[in-house]
Amino acid sequence: MTEEGGGMATQIRCLKKDFESLRSDDEQIATRTSEEQKEVEESVAKMFASFRNKLEVFPDIPILERNNHKDFLLKGLKHLGSSYECLDASRPWLCYWIVHSLNLLDHEMSEEHAMMVANFLGKCQHPKGGFGGGPGQVAHLAPTYAAVNALCILSTITDKAFDVLDRSGLYRYLMAMREKDGSFKMHEGGEVDIRGAFCAASAARLTNMLTKELFAGTAEWICKCQTYEGGFGGHPGLEAHGGYSFCGFAALIILNNANKCDLRRLLRWTAMRQMKYEGGFQGRTNKLVDGCYSFWQGGVFPLIHMVLCQNGDSAVSASNWMFDQQALQEYLLICCQHPYGGLIDKPGRPRDHYHTCYCLSGLSVAQHFTGGDKLSHTCLLGGQGNLLHSVHPVFNLTVDSVVQASNHFQNAEPPSAL
């Protein structure tokens with residue numbers, strides 16, 4: 001593995017003379033959208049200016065304040081204040097966001113602590129299969145995805161983590177959420193959208209229950225969600241959206257049907273979501289930059305790269321993903337780190353565990369490159385202390401977590417016997 005980067009001021013994009021020319025141009029027709037964009041650019045400009053001033057004194061910046069982030073995450077794993085009541089139906093998500101972030105930051109959790117989290121997730125498991133947003137809550141595909149992911153992470157610490165999982169119940173639940181056309185509803189009586197297809201495919205793949213019976217017609221339904229722009233909407237006919245777009249394409253990867261969608265249009269739409277001035281990604285056309293799309297949009301590029309390499313496409317780069325990896329790292333490290341730990345949407349916004357997770361995941365994607373010829377290297381902004389573990393972009397887990405799950409379930413009972 002070769003490594004690049006390391007505190008070299010000449011590599012910082014926001015130091016270039018023509019940097020200010022990258023600001024948005026409303027062509028003298030102001031709208032509410034263009035005014036909000038200018039406000040964000042002003043807040044980002046202040047962060048970049050402060051960074052440039054500090055650079056003269058501290059040449060090794062930007063620095064990933066990993067200890068502050070660890071403290072914020074560990075505190076959240078033990079106790080959350082009353083302001084988190086609105087997330088009572090997202091408690092497996094909180095577990096996943098926190099343990100995944102700690103994993104990326106290379107925090108070594110004790111077996112005792114890992115089992116405390118695993119046992120809590122077990123309490124969120126519905127008696128009929130799947131996981132709810134908390135103990136006693138109805139099963140829902142979103143927290144089911146989060147719980148399975150969290151257990152995969154915890155299994156790298158203790159083999160007992162998977163003991164809490166009712167695998168047969170999970171398969172029955174996934175089958176119950178399936179619609180006749182191959183789509184999935186999020187919960188009993190709930191909405192049908194592309195998240196359901198991804199959550200079901202990811203959970204089934206990680207637990208070795210990916211069957212034709214479960215996903216007949218799913219890839220075809222997902223492709224109907226691709227819009228004229230190139231991204232995917234939540235349902236056929238809806239606007240292209242970064243989160244839905246990732247879910248749709250990642251599900252197609254899992255189902256080995258990525259070539260059924262229009263890859264070129266997807267690549268073009270996703271690449272155009274990176275903001276020229278800020279360096280981060282927006283979630284939809286004409287929307288504002290948001291740190292969480294560092295993964296939802298940034299994570300799509302390694303997937304597209306992989307498929308194009310498999311197709312023998314000669315236009316695929318052999319040295320980088322098809323977006324500005326350095327610009328994304330600048331936005332995340334300079335504009336999205338909360339001074340007391342945790343990462344944020346954009347300057348001035350409060351910290352939370354969701355944005356901490358997806359900002360760190362996006363930062364990992366931007367730091368690591370694996371080419372089609374298996375040549376790997378890092379594109380690292382700042383010193384070696386900024387380097388995170390490499391993330392598996394399909395599942396948003398570290399590679400070790402995916403391998404651990406694969407090894408654990410490879411000899412498990414086939415779904416037909418459950």
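Visitor: Where in this chain does P62 lie?
Guide: P62 sits in the loop between α1 (32–55) and α2 (66–78). Before we go further, please keep in mind that this is a predicted model.

Visitor: What kind of peptide bond joins I61 and P62?
Guide: The bond between them is cis, with omega at about 5°. As a rule, most peptide bonds are trans.

Visitor: Why is E27 called exposed?
Guide: Its relative accessibility is 62%.

Visitor: Which phi value does N286 have?
Guide: Phi of N286 is near 65°, a positive value, and N286 is a residue other than glycine. N286 is placed in the loop between α11 (263–271) and α12 (293–296).

Visitor: Is N286 buried or exposed, and how do you know?
Guide: The relative accessible area of N286 is 60%. The cut-off for exposed is over 50%, so N286 counts as exposed.

Visitor: Why is T158 called buried?
Guide: T158 has a relative accessible area of 6%. Buried means under 20%, and therefore T158 is buried. T158 is found in the loop between α5 (141–154) and α6 (167–177).

Visitor: What is T158 in contact with, leaving aside its neighbours within four places in sequence?
Guide: With those neighbours left aside, T158 is in contact with E111, A114 and M115. Contact here means heavy atoms within 4.5 Å.

Visitor: How does the reach of α1 compare with what is expected?
Guide: α1 has 24 residues and reaches 35 Å from its first C-alpha to its last. That is close to the 34 Å expected at 1.5 Å a residue.

Visitor: Which residues of α1 are buried?
Guide: They are S34, Q37, V40, E41, V44, A45, F48, F51 and L55. In general, an α-helix has 3.6 residues a turn, so residues three or four places apart point the same way. What covers the buried residues of α1 includes α14 (325–335).

Visitor: And which residues of α6 are buried?
Guide: In α6 the buried residues are R167, G169, L170, Y171, Y173, L174 and M177. These buried residues pack against α5, α7 (194–206), α8 (212–215) and α16 (399–409).

Visitor: What makes R23 and E42 a salt bridge?
Guide: Their closest N and O atoms are 2.8 Å apart. The cut-off is within 4 Å, so the pair qualifies as a salt bridge. R23 lies in the loop between β1 and α1 and E42 in helix α1, so the pair ties together parts that are 19 residues apart in sequence.

Visitor: Why are R23 and E42 called partly exposed?
Guide: R23 has a relative accessible area of 23%, and E42 has a relative accessibility of 40%.

Visitor: How many salt bridges does the structure hold?
Guide: The structure holds 16 salt bridges. Among them, the side chains of K346 and D345 meet at 2.7 Å, N to O, and those of R349 and D345 meet at 2.9 Å, N to O. Salt bridges that share partners also join E20, R23 and E42 into one network.

Visitor: How do you know whether D345 and R349 are buried or partly exposed?
Guide: D345 has 7% relative accessibility, under 20%, so D345 counts as buried. R349 has a relative accessible area of 39%, so R349 falls in between and is partly exposed. K346, like D345, is buried.

Visitor: How much space lies in the largest pocket, and how many residues line it?
Guide: About 530 Å³ of space lies in the largest pocket. Its lining has 22 residues, with P302, M306, W321, T370 and P393 nearest the centre. The elements that give two or more residues to this lining are α13 (300–310), α15 (353–367), β2 (368–370) and β4 (391–392). The largest share, 6 residues, comes from α13.

Visitor: What classes of residue make up that lining?
Guide: The lining of the largest pocket has 12 nonpolar, 9 polar and 1 charged residues.

Technical notes:
Residues numbered from 1 in each chain as written. Predicted model: local features only at pLDDT ≥ 70, side-chain atom pairs only at ≥ 80, totals over all residues. Heavy atoms only, no water. Helix = DSSP H or I, 4+ residues; strand = E, 2+ residues; numbered from the N terminus. Buried < 20%, exposed > 50% of the residue type's maximum accessible area, 1.4 Å probe, protein only. 1 Å grid on protein atoms, 1.4 Å probe; cavity = no way out; pocket = protein on both sides within 12 Å on 5 of 7 lines; lining within 4 Å. Points joined across faces, edges and corners; volume = space filled by probe spheres on them. Nonpolar A, V, L, I, M, F, W, Y, C, P; charged D, E, K, R; others polar. Expected span 1.5 Å × (residues − 1).
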